[in-house]
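Here are a few notes to read alongside the model. Have it open and follow the points in order.

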Amino acid sequence: MSDQLERFIFSKHDVRGQLVTLSNTYREVLEHNDLPQPVQRLLGEFLAAACLLSTTLKFDGIMMLQARGEGDVPLLLAECTHHSDVRGLARVAEGAEIAEDATLRDLVGNRGALVITVDPQEGERYQGIVPLEKETLAECLEDYFTQSEQLQTRFWIESSADTVGGIMLQVLPGNNAATAVENEDAWETGVQLASTVTAEELHNLPHDQLLVRLFHEMEPATLGTANIRFKCSCSPERSARALIAMGPEDVYQLLEEQGGEITADCQFCNRTYRFDRDKIEELFNAPPHTLH
C-alpha cells in the first residue's frame, strides 16, 4: 500500500476514482526540504494531489501542481511524471513565523494562485490557473475543475508528519454505463461515502480494504496500481544544456564573476553540479578569445 496509487471505477456508473498513499516517498522529499511542520504537511498534500492528477495524463510527460503568492510561503510545487516519479519543494520567507493552524490561503498570502501545468515530452504545454480563494488544497482543486474543466471532481487529502493519503472522485464525460440520472445519484452517493473516510484509514488501511470499506455498495473495480517513488530529473547534462542555452559570452562572464567555477544547485534534491573553465570550454568547444 505504501507509496502506491490505485485507479478504480464504479462498475455500473460513469464515475472513476484514484486512491494514493505516500510514506517513504513523502519522507524522502522532506529530507531535501528543511521546513516547519505545517509547511511539510502542506507539501505532502501537494505531492498526493500531483499523483492523483497525473492519472489524467494520456501521454509521456509531467503533471506539475503549484501555488504561488506573496505570503510567508510564496511557492509550493509538486511534480509527478507518467512513470510515477515525484519530487517537490516549498519556499519559506526568511524569518517567517508559521502558525501551527495556518491554512494554505494564509501561507501563500495575497495574490495567491493555483497553477496546474501539463508538460508533454511532445506537443504543447498546457497550463490552467485559478485564484486561491478557499482554505484547503482540496477545495482549491475542486474550484479548478469546476471553472476550467467543467468536470464534477472531489478530493479528500490528509497528511501527517510521515504519511499522506488522498482520494479523488470524478464524473466521466458522457453517459455510457448508466443514464444521466443514475450517474448523478451514484456521484452523490460516492461523495457521501468518501466523506466518511478518516486520516487513519487513508494512512494505514490497505487500498483494497479501504475501497471495500468505503464503496462496496458501488461495486468498485480496480484498474491498476502504480508504484510511486522519489526521483529528481536533474543531471549534469541538464545543467550543461542550461548553460549552453545562455550562450558562450554570458557563461564566460558568469565564470569570471564566480571566481573560475560555475555551480548549479538543484532545489529539489540539493545536488550541486560544478563547471570549471575546462568543462566550460568543452561545452562550447572553444576558449573565450575565439568566440564572437
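1. Some ground rules. This is a predicted model, where local features need pLDDT of at least 70 and side-chain atom pairs count only at pLDDT 80 or more, while totals for chains, interfaces and linings use all residues. Residues are numbered from 1 along each chain as its sequence is written, and side-chain values use heavy atoms, with hydrogens and water left out.

2. Now the largest pocket itself, at about 440 Å³. (A pocket is an open set of points on a 1 Å grid over the protein atoms alone, where a 1.4 Å probe fits, with protein on both sides within 12 Å along at least five of seven lines; lining residues have an atom within 4 Å of a point. Points are joined across faces, edges and corners, and the volume is the space filled by probe spheres set on them.) It has 24 lining residues, and Cys-234, Arg-238, Ser-239, Asp-265 and Cys-266 lie nearest its centre. Two or more lining residues come from each of β3 (61–68), β4 (75–81), α8 (236–246) and β12 (261–265); α8 gives the most, with five. (Helices, H or I of at least four residues, and strands, E of at least two, are DSSP runs numbered from the N terminus.)

3. The second largest pocket holds about 330 Å³. Of its 16 lining residues, Ile-62, Thr-81, Gln-121, Ser-233 and Arg-238 are the closest to its centre. Its lining divides into four nonpolar, six polar and six charged residues, and β5 supplies the largest share, three residues.

4. How are the strands arranged? Six of them make an open sheet with mixed pairing, in the order β7-β6-β3-β4-β5-β11. (Strands pair if DSSP finds at least two bridges between them.) At the edges, β7 (126–131) and β11 (229–230) each have a single partner strand, so one side of each lacks a neighbour in the sheet. β3 and β6 run antiparallel, joined by eight bridges, and Ala-67 stands opposite Leu-114 in β6.

5. Finally, look at Ala-221 in strand β10 (residues 220–227). Beyond neighbours within four places in sequence, Ala-221 is in contact (heavy atoms within 4.5 Å) with Arg-7, Phe-8, Ile-9 and Ser-11.

Note on methods: Ala, Val, Leu, Ile, Met, Phe, Trp, Tyr, Cys and Pro count as nonpolar, Asp, Glu, Lys and Arg as charged, and the others, Gly among them, as polar.
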